[in-house]
Amino acid sequence: MIALLLRDLRLAIRAGGGFGLGLAFFLIVVVLVPFGVGPETELLSRIAPGILWVASLLAALLSLDRIFALDYEDGSLALLATSPLPLEGAAMVKALAHWITTGLPLTLAAPALGFLLSLAPEAYAYLLISLLIGTPALSMIGTFGAALTVGLRRGGLLLSLLVLPLYVPTLIFGAEAVRRGADGLDPTGALMLMAGITAGSFALLPFATAAVLRINLR
Amino acid sequence: MLEVISLTCTRGGAAVLENVSFKVAAGQALILRGPNGIGKTTLLRTLAGLQPSQSGVVDYPEDEGAYASHADGIKTALTVTENLRFWADVHGAPLPDDILETFDLSDLRDRLGGTLSAGQKRRLGLARLGVIGRKVLFLDEPTVSLDRFSVKLFADWLQNTHLAAGGVAVIATHIDLGLDAPELDLTPFKAADDAGGGSDEAFL
C-alpha cells in the first residue's frame, strides 16, 4: 500500500498537473472574486467562507478523473486487481494520494488567500481546521465517483454530476463552521458533523469503490 | 497445479466459450490457439479472476495467478527500475538482481518509461512477470511487437526460469514460441449463439 502511495505521489510530482493544477485553480478563483464583487471589504469578508469552500471544492473536483483513468488506460488497474493488494486498500490509498496532492496544499494555502478576501481574523483557525477535516471527504467521495466513471471516455462531466451532490453536505458544514467562527459563535457542531462525514466516507466508500472497480474491469 | 473444469465464459453477457476443461501440471505450459474473436482473452481474464465465469471451476493455488496483456501497466513518468520496483513492492517480493539482464534492459535502467520503444516496453512488461514471483501466469499475446531475438529471450526465461521452478503458464499466441508445450485449440468450445439463454450480466 505504501508502495502505491509513493508511486502515485511520485507520478503527481513528475507528471506535473497533479500538484499544481488544483492549487493554481484555487488561487485564480479566489483572486478573481474580489474583482467581480467589487472593493467592498465588508461584503467580501461576509462571503469569504463560502467562496473559499466552493473554490477548494471545485479545485478538488478538477483532478478527480485522473485518479483511476490513467491506471485504467495503461492496464495497471487490472494488474493491481490481480495483485495481493486488496482493491479496497488501493481505493483508500488512491484517495489519500489525491488528498495529499490537492486537499493538503489547498488547506495550507487557504489562510493566505483568506487574507485576500479580508476574512475575519477570528475565522482563520476554523478555516484551516474545517478544510483539514473536510477535504479528505472530498477526495474519498471523488475517488468513488472516479471509479464509477473509469471505463467511460469523456467521463468528466458525468463524474461532476455524480459527485457534486455528494459534496453538498461537506460544503454546507465546512462553510458554516468558518462563518460561525467569523461571527464569534461556537462552530463545534458543524465541525463534528463534517468530521462524521469524513469518517463515514472513509469507512464505507473504499468497499463501494472496490466493488465498482471490479465491475468496470470486466 | 492449474485445473479447469467445464468452464463457460461470457463477454458482454453472451457466452463465448463453453465447457472448457484442461489441466496443466507444475512446470508445464499450455498454448491457446484459435482464430481472432474466439475468446482467448476472455478465457484468460476469466482464469485470472478479472471477470466472473458463468459456470465451471477454475482451481489453482490462491494468490498465485498473474495476468499480462498488451497493456503493460508501465508508467511513462517512472524509470524502468522504478516501474519494476513498484510491482516488486506491491507483491512484497525482492527485486531479483539479474532481472534487467534477463530481459536485456540493463542499458535502459534509468530511462523513463515514456521514452521506450514499443518492443522495449513489452520487454519491461514481461520483466514484471519475473519480479512478482507468481507461479501461474496467464499471458495474452506476450510477444506482440517483440523482435525475434526478444521472443527467444522471453521463451528462454519462461522455459529455464519460470517453468523450471515449477511454474505454470497459459499463453494465447499466434506465433511459435519454441516451447515444448501442448496446444489447445479453442474452436471446438465455441458457444452456440443462444447459449446461456441471454444472461443479464451486461446490465449488472
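**A buried isoleucine, its helix and the helices around it**

Ile51(A) counts as buried, because 21 C-beta neighbours lie inside 10 Å of this residue, and 20 or more is what the term buried requires. The structure described here is a predicted model, with scores of ipTM 0.83 and pTM 0.87. In chain B, the mean pLDDT is 85, and 94% of the residues reach 70 or more.

Once the neighbours within four places in sequence are set aside, Ile51(A) is in contact with Val30(A), Val33(A) and Leu117(A). For Phe25(A), the separation from Ile51(A) is 26 residues along the sequence and 13 Å in space, taken from C-alpha to C-alpha.

H3(A) packs with H7(A) at an angle of about 30 degrees, and the two axes are 10 Å apart. Angles under 35 degrees count as roughly parallel, and H3(A) and H7(A) are therefore described as roughly parallel to each other. Their crossing is right-handed. On the H3(A) side, the residues that meet H7(A) are Leu52(A), Ser56(A), Leu57(A), Ala60(A) and Leu61(A). Their counterparts in H7(A) are Leu127(A), Leu131(A), Thr135(A), Leu138(A), Ser139(A) and Gly142(A). Sorted by class, this contact has seven nonpolar and four polar residues, with no charged ones.

H7(A), which covers residues 124-148, also packs with helix H9 of chain A, residues 188-217. Here the angle is about 20 degrees and the axes are 8 Å apart, which makes H7(A) roughly parallel to H9(A). The crossing of H7(A) and H9(A) is left-handed.

A last step leads to the place where the two chains meet. Chain A gives 19 residues to the contact and chain B gives 21. On the side of chain A that touches chain B, two elements supply two or more residues: helix H1 (2-14) and helix H5 (76-81) of chain A. The largest share of that side, six residues, comes from H1(A). By class, the side of chain A that touches chain B has ten nonpolar, four polar and five charged residues.

Methods. Residues are numbered from 1 along each chain as its sequence is written. Chains are lettered from A and ligands numbered from 1 in the order in which they are written. This is a predicted model: local features need pLDDT of at least 70, side-chain atom pairs count only at pLDDT 80 or more; totals for chains, interfaces and linings use all residues. A residue is buried if 20 or more other C-beta atoms lie within 10 Å of its own, exposed if 12 or fewer, and partly exposed in between; C-beta atoms are placed from the backbone. Two residues are in contact if their C-beta atoms, placed from the backbone, lie within 7 Å. pLDDT is the predictor's confidence in each residue, from 0 to 100. Axes are lines fitted to C-alpha atoms, for helices over the stretch in contact, and angles run from 0 to 180 degrees between N-to-C directions. Helices (H or I, at least four residues) and strands (E, at least two) are DSSP runs, numbered from the N terminus. Angles under 35 degrees count as roughly parallel, over 145 as roughly antiparallel, 65 to 115 as roughly perpendicular and the rest as oblique. A crossing is left-handed if the near helix is turned anticlockwise from the far one by less than a right angle, and right-handed if clockwise. Ala, Val, Leu, Ile, Met, Phe, Trp, Tyr, Cys and Pro count as nonpolar, Asp, Glu, Lys and Arg as charged, and the others, Gly among them, as polar.
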